[in-house]
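Student: I am new to this structure, and I would like to take a close look at a single part of it. Could you walk me slowly through the sheet and what surrounds it?

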Amino acid sequence: MTYRLHYAPDNASLILRLALEQMGQPYETVLVDRRTNAHKSPGYMALNPNGFIPVLETPDGPMFETAAILLWLTDRHGQLAPAPDSPARAAFLKWLFCVSNTIHVALRMTFYPEQYVGANAKDQTQLRLHMRGPILRHFDNLEDLAGQGHDWFAAPVPAALDFYVACMMRWLALYPSCDQDWFDISRWPQLHDMLGRLEDCPSVSAAIYAEGLGPNPFTAPIHPTPPEGSAT
């Protein structure tokens with residue numbers, strides 16, 4: 001089966017596009033146009049009742065939640081992550097879910113504060129400022145992890161977790177456009193080196209072309225110019 005990835009440019013679907021490209025798995029894309037709130041349409045909500053991007057249509061039915069899809073793909077195809085019976089599996093899982101359940105949520109609170117504190121602009125600003133400290137500490141921890149020599153993170157051969165972390169670093173350097181100067185990718189040299197290696201991968205080149213990410217989407221990110229759809 002050819003997978004169907006419901007995506008929007010430079011959204012969480014990018015993580016899955018990168019993984020599918022790296023695995024060499026056939027897939028087609030279905031644009032979810034955020035300019036028309038297509039992710040809240042009845043048709044899309046039938047696939048993902050939470051109305052979040054992405055969805056991946058698979059032989060086992062439609063899947064949502066980025067980490068769940070990523071884990072399912074790595075297990076199904078035996079690539080980009082430790083095997084279920086590997087001694088490294090436990091460490092990989094705890095960091096995958098830390099990235100998904102803790103760090104990605106912290107990004108959402110930064111990018112969409114109104115969803116957490118309401119419409120008051122002052123409250124939104126306070127939440128954004130508050131989240132800087134936890135986010136920087138999370139990436140300090142990931143920098144330490146990157147230096148531990150695991151083959152499932154920041155290794156010479158790209159892995160699933162690399163793509164997830166790289167996309168989050170890209171987004172923090174870009175969004176929101178009025179409040180990104182505090183996040184300096186060069187603060188974490190091990191992670192920065194990982195980002196540079198990823199940019200040399202054919203999988204990333206394919207995503208650059210498909211989503212208009214610019215020549216250095218991770219080490220020197222710019223706002224995307226996608227051929228279709230909108231990132232926001």
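Tutor: In this model, which is predicted, four strands make up an open sheet whose order is S2-S1-S3-S4, with mixed pairing. At the edges lie strand S2 (27-31) and strand S4 (61-64), each of which pairs on one side only, and from one strand to the next the twist averages 25°. Within the sheet, strand S1 (residues 3-7) and strand S3 (residues 55-58) are joined in the antiparallel sense over three bridges, and there Leu5 is placed opposite Leu56 in S3. Two helices pack on this sheet: helix H1 (residues 13-23) touches S1, S2 and S3, and its direction makes about 150° with that of S1, while helix H3 (residues 66-77) touches S1, S3 and S4, its direction making about 125° with that of S4.

In the loop between S1 and H1 lies Asp10, whose phi is near 60°, a positive value in a residue other than glycine; Asp10 counts as buried because its relative accessibility is 4%, under the 20% cut-off. In the loop between S4 and H3 we find Glu65, whose phi, near 80°, is likewise positive in a residue other than glycine; with a relative accessibility of 41%, Glu65 counts as partly exposed. Finally, the loop between helix H2 (42-47) and S3 holds Pro54, and the peptide bond that runs from Ile53 to Pro54 is cis, with omega near 15°.

Key
Residues numbered from 1 in each chain as written. Predicted model: local features only at pLDDT ≥ 70, side-chain atom pairs only at ≥ 80, totals over all residues. Heavy atoms only, no water. Pairing = 2+ DSSP bridges. Axes fitted to C-alpha atoms, helices over the stretch in contact; angles between N-to-C directions. Contact = heavy atoms within 4.5 Å. Buried < 20%, exposed > 50% of the residue type's maximum accessible area, 1.4 Å probe, protein only.
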